[in-house]
Amino acid sequence: MSAFTKNILGLAAVLWLTGAASGELVRIEVEERSDVLAGKSFGSTGAYERIVGKVHFEVDPKLEANRRISDLDFAPRNERGRVEFSADLYVLLPKDPAKGNGTVFYEVVNRGRKGLLGRFNVGATGSYDPRTEAHFGDGYLLEEGYSVVWMGWQYDVAQEPNLMRVYVPAARDGERPITGLVRSDYVPDRSIYSFHLADRQHAPYPVINPDDPEVQLTVRDRIDAPRRIMPRDRWLFAREEDGKPVPNRTHVFVKAGLEPGQIYEIVYTSQDPALVGLGLAATRDLITFLKHGSNGGRGEPLAEYHKHVKQTLALGSSQSGRFLRTFLYFGFNADEKGRQVFDGVWSHVAGGGRGSFNHRFAQPSRDARPHFNFLYPTDIFPFTDEKQTDPETGLSEGILDRVKKAGVVPKIYYTNSSYEYYGRSASLIHTAIDGRKDFPPSEKTRIYLFAGAQHGPGRFPPGGQGMQNLSNANDFTWGMRGLLAGMQKWLAENKEPPPSQIPSIANGSLAPLSQVEFPTIPGVAIPERMHHAYRVFYGPEFRSQGIVTIEPPEVGRAFPMRVPQVDGDGNETSGIRLPVIRVPLATYTGWNLRDPSIGAPKELYSMRGSYIPFARTKAEREKTGDPRLSMEERYGSRKEYVSRLEEEARKLAEEGYVLKRDVPLIVEQAAAQWDHYMVSEESH
């Protein structure tokens, strides 16, 4: 940033948006306003500008719309009796808003990280501060005219450059601190001495008394194995430095070292819980401001932007996809005046989960994985949009109950990869609670499985460190772009998107793990276990007040899980089967197993699937005993392979699952994979 720009921003950095009738967005501090890529034109939309700053909010604790924010009664108040907080803001807007497509595309950042450009722009390298041509790739989102918005919503993100966060107060009972239980678990992948109390170097809740003799550290082999108490003289609250403990309140040090693959767990007392649920309110109030403006607001560049907004779309991936399911569950899609916030919600690779986004001593980064982060309030009832009743607990709810009552149900996408069925309880979003039959999605919901895919788009050639098989190479970016086009037409033109594509109990494409007919491939072990969601009890005040009083929680029976059925090659038979699945060169799975070198080799490796290539020739296949036909036997030649793959890509484009403009790119990508394995003498 030039000195001139800094001086200008110093004179006019704060945009005051006055007259907020209740708790709303009250001002924006602009730290930077600059042209994107030096004013480059993006198709018919033209040039874009970047606005970076901080948004300031306040909410009225007495309003019914805010009563669902956990511990709001214990927040400090300003002279108006409201609770103040703020968040980082980063937006990319058409310089001429009239040339945009009218859609505010808001990405719920994942642990403070922006990912939208890399998710939809082909060739984009991705960046937490996009500045270069490489960061924008083919510029698809900007060419299409989206107004791209990011804001911090999570208070405890790691202290790394360009991560976005929300700044919230701590809850206190007058002058007295609020205390409570905090649980931390950790699974090392190598021999180390200490672990951080928070998940993945996020801001921790420090232990109050490091010398408390009642605190126990336990270790166990797997989630359902008995806990073994480690004697108190063998560990302490300290971090490792050159193999020695340095006492502190945010780490646990084990004197003999931690064993790879084992589950270490500790429950302790901390104080001053953050008002985590204000992240939900911040999201609501930013989007309603962009959509409707403020009462008497003035100033540029955002105070009048609502005049150009026709629809609002949220996308969250993984953690932030679970955030959006939580956002809907608590009814935050109605603003303080009862108006609809998001017109479209896209929860991606969230499985059946929600998360720790609105309770006392919540740790928003904690998720639920097959062998990492256990029994946090992530995969908890309800799972389906529409109401179901759990006969074992008597609970009767649906994700959309509150937004249906308020009349603010958005158009919804749930997209999952195969991994989410193995590692994120995805089948629970479209099966009955007893697992015996299908449960249809809500009228405004579409559910899609990206068949044979892992948690994130695969890359070729695949790697495989720490896992038994190569990592899944299925790049489902093409499907994401196709579905986005469908969502935009659904929002802007009310044109129906492509039908849901999910496995079904009724037709046999969704089955228990024990009934998956995976082929016997030499050297490939198949999963014996998978992630399960359990009925868990955190204490009598958890559901009503968000207060956890039982840690570890009491665990009841698991909900019945189902996974997609496969064909003779081991590839899934349902969902959006992209060309690499329809015309395969390999078996693509949603699961991979941990390598023995990192411990627990029978457990699933988090978030990764497998890529198990076919033999190149019949002779090669017969030598190893591989039952799957070789590339040579299937296709005969590169030309035949490419021709068949292109035909399938065109079919998918006609159905709306990929873009027509992407067909040549899909073919080019697949042909390069053929060339990687086969040395062909044919003319290309």
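Student: Why is Ser-356 called buried?
Tutor: Ser-356 has a relative accessible area of 2%, and buried means under 20%, so the term applies to Ser-356. The residue is found in the loop between strand 21 (344–348) and strand 22 (388–389).

Student: What does Ser-356 touch, leaving aside residues up to four places away in sequence?
Tutor: Its contacts are Val-276, Ala-362, Gln-363, Pro-364, Tyr-376 and Pro-377.

Student: How reliable is the model?
Tutor: The model is predicted. The protein chain averages a pLDDT of 94, and 95% of the residues score at least 70. Over residues 1–22, however, the pLDDT is below 50, although this stretch has 44 contacts in the model beyond near neighbours in sequence. Residues 680–684 also stay under 50, with 6 contacts beyond four places in sequence. Where pLDDT is low, the predicted coordinates should not be read in detail.

Student: Which helices each supply at least two residues of the lining of the second largest pocket?
Tutor: They are helix 6 (319–329), helix 7 (401–406) and helix 10 (542–545). Helix 10 gives the most, with 4 residues. The pocket has a volume of about 790 Å³ and is lined by 35 residues, of which Arg-67, Arg-68, Ile-69, Phe-330 and Asn-358 lie nearest its centre. By class, the lining has 13 nonpolar, 10 polar and 12 charged residues.

Student: How do you know that Arg-222 forms a salt bridge with Asp-224?
Tutor: The closest N and O atoms of Arg-222 and Asp-224 are 2.7 Å apart. A salt bridge requires such atoms within 4 Å, so this pair qualifies. Arg-222 itself is partly exposed, with a relative accessible area of 27%.

Student: Why do Lys-602 and Glu-528 count as a salt bridge?
Tutor: Their N to O distance is 3.9 Å, and the cut-off is within 4 Å, so the pair counts. The pair links distant parts of the chain, 74 residues apart: Lys-602 is in the loop between strand 31 (586–589) and strand 32 (610–613), and Glu-528 is in the loop between strand 27 (510–511) and strand 28 (534–537).

Student: Why is Glu-528 called exposed, and Lys-602 partly exposed?
Tutor: Exposed means over 50%, and partly exposed lies between that value and 20%. Glu-528 has 54% relative accessibility, so it counts as exposed. Lys-602 has a relative accessible area of 47%, so it is partly exposed.

Student: Where do Arg-582 and Glu-648 lie?
Tutor: Arg-582 is in helix 11 (residues 579–582) and Glu-648 is in helix 14 (residues 638–655), 66 residues apart. Their side chains meet in a salt bridge of 3.0 Å, N to O. Glu-648 has 16% relative accessibility and counts as buried, whereas Arg-582, at 27%, is partly exposed.

Key
Residues are numbered from 1 along each chain as its sequence is written. This is a predicted model: local features need pLDDT of at least 70, side-chain atom pairs count only at pLDDT 80 or more; totals for chains, interfaces and linings use all residues. Side-chain values use heavy atoms; hydrogens and water are left out. pLDDT is the predictor's confidence in each residue, from 0 to 100. Contact means heavy atoms within 4.5 Å. On a 1 Å grid over the protein atoms alone, a cavity is a set of points where a 1.4 Å probe fits but cannot get out, and a pocket is an open set with protein on both sides within 12 Å along at least five of seven lines; lining residues have an atom within 4 Å of a point. Grid points are joined across faces, edges and corners, and a volume is the space filled by probe spheres set on the points. Ala, Val, Leu, Ile, Met, Phe, Trp, Tyr, Cys and Pro count as nonpolar, Asp, Glu, Lys and Arg as charged, and the others, Gly among them, as polar. Buried means under 20% relative accessible area, exposed over 50%, partly exposed in between (1.4 Å probe, protein chains only).
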